[in-house]
Amino acid sequence: MAEGEEPEKKRRRIEELNENMVVDGGSGDHTDWQGRWDHVKKFLERVGPFTHPDFEPSTESLQFLLDTCKILVIGAGGLGCELLKDLALSGFRHIHVVDMDTIDVSNLNRQFLFRPKDVGRPKAEVAADFVNGRVPGCNVVPHFKKIQDLDETFYRQFHIVVCGLDSVVARRWMNGMLLSLLIYEDGVLDLSSIIPLIDGGTEGFKGNARVILPGMTACIDCTLELYPPQINFPMCTIASMPRLPEHCVEYVRMLLWPKEKPFGDGVGLDGDDPTHIQWVYQKSLERAAEFSITGVTYRLTQGVVKRIIPAVASTNAVIAAACATEVFKIATSAYVPLNNYLVFNDVDGLYTYTFEAERKENCSACSQVPQDLQFPPSAKLQEILDYLTENASLQMKSPAITTTLDGKNKTLYLQTVASIEERTRPNLNKTLKELGLVDGQELAVADVTTPQTVLFKLNFIS
Amino acid sequence: IDNYDFCHNRAALSSGTERLTCNSITLLKCHFGLSVSFTTVVESHPDNALEDLRLDQPFTELKHHVESYDLDNMEKKDHSHTPWIIVVAKYLEKWYSEHNSQLPKNYKEKEAFRQLIREGNVIHHIPRILTNENGTPEDEENFEEAIKNVNTALNPTKVPSATEDIFNAEQCENITSQSPSFWVIAHGVRDFVRNEGNGKLPVRGTIPDMIADSDKFIKLQNVYRDKAMKDAAVVSKHVEALLQSVGKPPESTSEQEIKLFCKNAAFLRVVRCRSLAEEYSVDTFNKDEITSCMDSTDSEMVLYLMLRSVDRFYQQHSRYPGVYNYQVEEDINKLKLCVNSLLQEYSLNVNVKDDYIHEFCRYGAAEPHTVAAFLGGSAAQEAIKIITHQFVPFNNTFLYNAMSQTSATFQL
């Protein structure tokens with residue numbers, strides 16, 4: 001402003017400037033200012049040589065995006081914050097977000113929708129508030145819940161689901177849920193029942209983004225072997241033969257804490273409680289000293305207890321951006337979507353690799369083919385349980401096995417309810433023959449990795 | 001940084017200016033270039049680093065430590081909790097005696113060596129093979145580990161070529177009082193390699209976790225750790241002498257710096273980038289790279305050429321192609337002229353398909369947020385790499401195509 005400007009002129013100048021500022025739009029203001037969606041419109045209203053074969057330029061596509069298209073974002077953390085921002089700024093207005101977590105101070109370096117004052121509040125709610133306040137017209141609806149707490153009527157309402165999760169189990173569940181919504185008529189898939197799933201994942205400097213069309217392209221379970229196995233230290237190492245500082249911390253966490261109950265009966269170890277971590281740290285130092293192991297620090301202790309995997313903000317930005325680009329492409333048919341897996345790594349330079357992950361013919365989640373279980377009749381039920389958990393393509397967590405015997409439903413083994421576990425535990429040591437199972441017997445298996453039971457067929461071998 | 005600033009900034013560039021430029025995102029493709037004269041990286045954090053175990057040429061302390069084990073006369077419990085490094089070292093001695101002190105070199109020989117370990121103890125009357133409750137033979141886990149690691153544990157210890165290049169670089173050879181500590185220490189390590197190291201880098205000092213009881217593991221770990229410290233101390237002496245010779249105080253490089261350098265000696269990287277001037281000048285631009293990439297007409301290289309052509313369009317018309325709907329059609333020809341003049345000026349005999357010219361007019365300088373976010377995240381991390389000297393920056397032009405979700409890095 002020029003010095004000595006008349007106050008009235010100054011006031012009008014400030015007003016004009018504010019009119020052009022889009023930052024403080026405020027929620028509830030739905031008027032789009034001139035040129036707001038120009039960038040988006042160029043891809044929706046113009047013909048081009050590389051567009052999707054189904055693409056037709058029209059002014060209605062933008063309206064669909066703004067008024068009708070409904071997107072579900074799973075997770076409001078590192079990827080989720082970026083996803084919500086990307087989608088809101090790309091024109092999507094009807095967005096739901098699900099996250100069961102509350103905000104931790106360690107989130108604040110990259111989950112930029114949150115501020116120090118928000119620590120302790122549900123991520124989904126704070127994220128929704130921020131985006132709604134920042135992007136005029138956007139309506140993000142939060143759900144402070146586990147994905148398993150929502151049912152098919154909820155999920156069915158969305159055009160596209162995009163995940164920014166941090167667990168393979170949750171991914172598999174989401175995958176299974178969308179698969180369960182598929183409608184088959186006379187064995188033919190009703191294409192309108194498909195809800196595309198865009199899945200992003202990051203770990204440090206590595207990340208991936210993939211497009212899944214349930215029932216048509218490779219699903220999460222088709223490529224389960226791509227996920228590296230979780231590293232858990234063997235108990236004998238922890239209990240009697242520690243070598244690394246991590247072994248010492250695990251000893252305190254898994255064996256000493258339950259024994260000494262330092263903060264009272266029934267008080268579990270809380271990784272976010274500094275007094276708890278301090279106790280674990282001191283005890284870990286003692287353990288380490290016993291074996292002349294160096295390297296136990298407070299930071300290492302916290303990392304092991306909370307299973308911290310270092311997160312890099314930029315990786316989340318890149319992967320979320322790739323996912324959001326795919327959401328846009330699919331919602332508008334502007335371009336052919338990614339087919340179907342993108343890998344990113346910027347440890348050394350910038351590297352991407354794009355390939356088509358193939359469907360597995362006998363995928364336990366999406367192939368609709370009952371899974372084959374080959375065992376001799378003399379095998380014990382325990383062996384089947386081990387197979388279900390250890391097999392690389394199944395990787396179940398705590399499967400419950402039921403079958404039909406003499407026309408009645410019988411639970412062979414179930415872990416998740418203590419009384420039933422106790423009652424059915426003896427079955428584990430019985431042979432399949434002793435349990436009355438025959439060749440061709442169908443077993444229904446339920447597990448946390450899938451919302452639907454998986455059918456298996458017993459195939460007796462000698 | 002806006003596209004059109006490029007031409008103005010070209011003149012202003014001096015050599016050695018560090019510049020990470022993120023090109024204006026005009027469309028569903030974007031590129032950014034890096035022109036830093038060079039950046040040195042000590043902590044490159046490679047993804048799949050091989051261990052530095054020296055099994056092919058054990059240092060004296062390691063040899064003595066291995067000698068202290070008598071596998072044939074150990075209690076079962078000790079035997080199955082002996083670190084696999086010791087197991088391999090012992091069996092290597094046997095192998096040497098039967099193979100003229102030559103390492104197993106190819107698959108066949110390594111397989112024979114693995115077999116030697118499998119059969120091993122049978123000869124010495126101690127049943128190595130345990131049996132489980134069903135009477136089925138099981139191998140001891142530590143011997144399993146030994147067998148599994150034969151593939152990588154017997155690789156000859158040598159200085160990696162990237163590190164050799166650093167040793168041979170001019171900045172390493174000619175240390176002055178202005179030399180950054182990276183080159184001073186590099187020179188010191190080079191002196192070590194050529195003298196006390198006998199052609200080998202200072203011992204790294206770390207070993208992977210393995211099946212073993214705590215005592216055996218810690219003792220073995222300490223053998224490597226102590227040797228690493230000894231080697232680093234020798235390097236320190238060389239560095240001290242070097243600093244003195246150029247009149248710098250010994251405190252110029254810290255013990256910690258030298259230790260870190262020695263630990264990462266096998267992973268050192270230097271990234272040398274050309275300047276924007278070199279990239280743009282008709283005399284020095286990378287014609288070969290552009291021409292060979294354009295053998296495939298849909299290579300990401302065509303996006304680079306299009307972006308350069310759009311630059312020209314802006315220079316000529318003071319606007320971008322196709323911003324308004326009525327311009328799209330007529331700008332196609334105008335943009336084509338820019339493409340052709342670019343190719344002509346640089347004598348590039350390549351084919352830029354009309355489809356791309358049409359596509360860039362269609363974009364009308366649009367900047368979709370998600371494309372910007374992808375590039376923004378990438379560029380930010382590259383800047384952090386350069387500032388922190390950790391992890392390796394790209395070199396030097398990165399093109400991202402959001403339509404196909406592919407990318408490429410070109411050295412231009």
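These questions and answers go through a predicted model, from the chain interface to pockets, cavities and backbone.

Student: How many residues of chain B are in contact with chain A?
Tutor: Contact here means heavy atoms within 4.5 Å. On the chain A side, 49 residues qualify. Their partners in chain B number 54.

Student: What area is buried between chain A and chain B?
Tutor: Carbon and sulfur atoms give 57% of it. The buried area itself is about 4200 Å².

Student: Which residues of chain A lose the most area to chain B?
Tutor: Three residues head the list on that side. Together they make up 18% of what the chain A side buries. They are A:R46, A:R243 and A:L350.

Student: Which residue of chain A meets B:D47 in a salt bridge?
Tutor: The count between chain A and chain B is 3 salt bridges. In the one with B:D47, the N to O distance is 3.3 Å. That falls under the 4 Å cut-off, so the pair counts as a salt bridge. The partner is A:K206.

Student: Which helix gives the largest share of the lining of the second largest pocket?
Tutor: In chain B, α6 (141-153), α7 (161-168) and α11 (255-263) each supply at least two lining residues. The largest share is 7 residues. It comes from α6(B).

Student: How many residues in the lining of the second largest pocket are charged?
Tutor: The pocket has a volume of about 1000 Å³. It is lined by 44 residues, with B:A49, B:L50, B:E51, B:D52 and B:R204 nearest its centre. Of the lining, 21 are nonpolar and 9 polar. The charged residues number 14.

Student: What is the volume of the largest cavity?
Tutor: The structure holds 3 cavities of 30 Å³ or more. The lining of the largest cavity includes B:E279, B:F285, B:Y304 and B:L412. Its volume is about 80 Å³.

Student: How many residues in the lining of the largest cavity are nonpolar?
Tutor: Helix α14 (residues 301-317) of chain B gives the largest share of this lining, 3 residues. By type, 1 lining residue is polar and 2 are charged. The nonpolar ones number 8.

Student: How far apart are the C-alpha centres of domain 1 and domain 2 of chain A?
Tutor: Domain 1 of chain A is assigned in two segments, 37-204 + 312-338. Domain 2 of chain A covers 235-306. Their C-alpha centres lie 39 Å apart.

Student: Which residue does a cis peptide bond join to A:N339?
Tutor: Most peptide bonds are trans. Here omega is about -10 degrees.

Student: Where in chain B is B:N396, which a cis peptide bond joins to B:N395?
Tutor: Omega of the bond between B:N395 and B:N396 is about -10 degrees. B:N396 has its place in the loop between α17 (369-388) and β7 (397-401).

Student: Is phi of B:H45 positive or negative?
Tutor: Most residues other than glycine have a negative phi. B:H45 is found in the loop between β3 (38-41) and α2 (60-67) of chain B. Its phi is near 50 degrees, which is positive.

How values were computed
Residues numbered from 1 in each chain as written. Chains lettered and ligands numbered in written order. Predicted model: local features only at pLDDT ≥ 70, side-chain atom pairs only at ≥ 80, totals over all residues. Heavy atoms only, no water. 1 Å grid on protein atoms, 1.4 Å probe; cavity = no way out; pocket = protein on both sides within 12 Å on 5 of 7 lines; lining within 4 Å. Points joined across faces, edges and corners; volume = space filled by probe spheres on them. Helix = DSSP H or I, 4+ residues; strand = E, 2+ residues; numbered from the N terminus. Nonpolar A, V, L, I, M, F, W, Y, C, P; charged D, E, K, R; others polar. Buried area = accessible area lost by both parts, 1.4 Å probe. Salt bridge = Lys/Arg side-chain N within 4 Å of Asp/Glu carboxyl O. Domains from an automatic or database assignment.
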